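Good morning, and thank you for coming. Please look at the sequence and the structure on the screen while I speak.

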Amino acid sequence: MVESIGRIFLAVDLSSEARQLLSRRVLKMAGGRRLPGRVTLPRNWHMTLWFLGDTPRDRFEIMLHLLAEAPLGDAFRCRFAELGTFPRAKRASVLWVGVSKGAESLRALAAGAGEAVEGAGLRLPERPFSPHLTVSRLRPPQDLRALVESAPPAGVEMMVREVTVFRSHLGGGPPRYEVMERVSLG
């Protein structure tokens, strides 16, 4: 039997400053009202590059080695922008904050990290990477057109300097994310 390391995902973690500024901005973007749905706690905010799920320990170790050697590019600045939804505003199940500046660099970072994941024999999700920060999940879906159309842009910037490998722990309240590794950009 193959030993599992747990539920793993690769992400861009937010700096403390960006997390604080953005938590205040998101409240303003929502017009001072509570966000709809099950709100993601700001301490858990990150931009997921790839969710790998339950990961065998041996593949995890190979992926870490390949990730450390991968051409992930140089550090870059990103700017959080508008509110958006998945799959669409009329029947939103996820509310997110998009990225304007740095979106292409995030896509390139996800591609480089994805090569390390695949090189370790792990499967990437079928869905392409889309730069965003999830702030709420809605069950059942809701019509958020008015919120999305009226919200001002976040306007918060931060430097992206590393990829963080997290292990998620579920059950007994909100998810808890454990940092397993941080890989610096060039």
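I begin with a term: a residue is buried under 20% relative accessible area, exposed over 50%, and partly exposed in between, with a 1.4 Å probe and protein chains only. The model is predicted, so local features need pLDDT of at least 70 and side-chain atom pairs count only at pLDDT 80 or more, while totals for chains, interfaces and linings use all residues. Residues are numbered from 1 along each chain as its sequence is written, and side-chain values use heavy atoms, with hydrogens and water left out.

Let us turn to the aromatic rings. Rings of Phe, Tyr and Trp (its six-membered ring) pair if their centres lie within 6.5 Å; planes under 30 degrees apart count as stacked, over 60 as edge-to-face and the rest as tilted. This rule gives four aromatic pairs. One of them is stacked: Phe9 and Phe166, at 5.1 Å centre to centre and with 20° between the planes. Phe9 belongs to strand 1 (residues 4-13) and Phe166 to strand 8 (residues 162-169), 157 residues apart. Strands (E, at least two residues) and helices (H or I, at least four) are DSSP runs numbered from the N terminus. How are the planes of Phe9 and Tyr177 arranged? They stand at 85°, with ring centres 5.2 Å apart, so this pair is edge-to-face. Tyr177 lies in strand 9 (residues 176-184), so its pairing with Phe9 ties together parts 168 residues apart in sequence. Phe9 counts as buried because its relative accessibility is 3%, whereas Tyr177 is partly exposed, with a relative accessible area of 27%.

Strands of a sheet pair through backbone hydrogen bonds, either parallel or antiparallel. Here two strands are taken to pair if DSSP finds at least two bridges between them. Five strands make an open sheet in the order 2-6-5-4-7, with antiparallel pairing. Strand 2 and strand 7 (156-160) are at the edges; each has a single partner strand, so one side of each lacks a neighbour in the sheet. Helix 1 (residues 16-29) packs on the sheet and touches strands 4, 5, 6 and 7. Contact means heavy atoms within 4.5 Å.

Within the sheet, six bridges connect strand 5 (residues 92-99) with strand 6; Trp96 has Thr134 as its bridge partner there. Two bridges join strand 2 (residues 38-39) to strand 6 (residues 132-142), and Val39 is partnered by Ser136.

Terms used
Axes fitted to C-alpha atoms, helices over the stretch in contact; angles between N-to-C directions.
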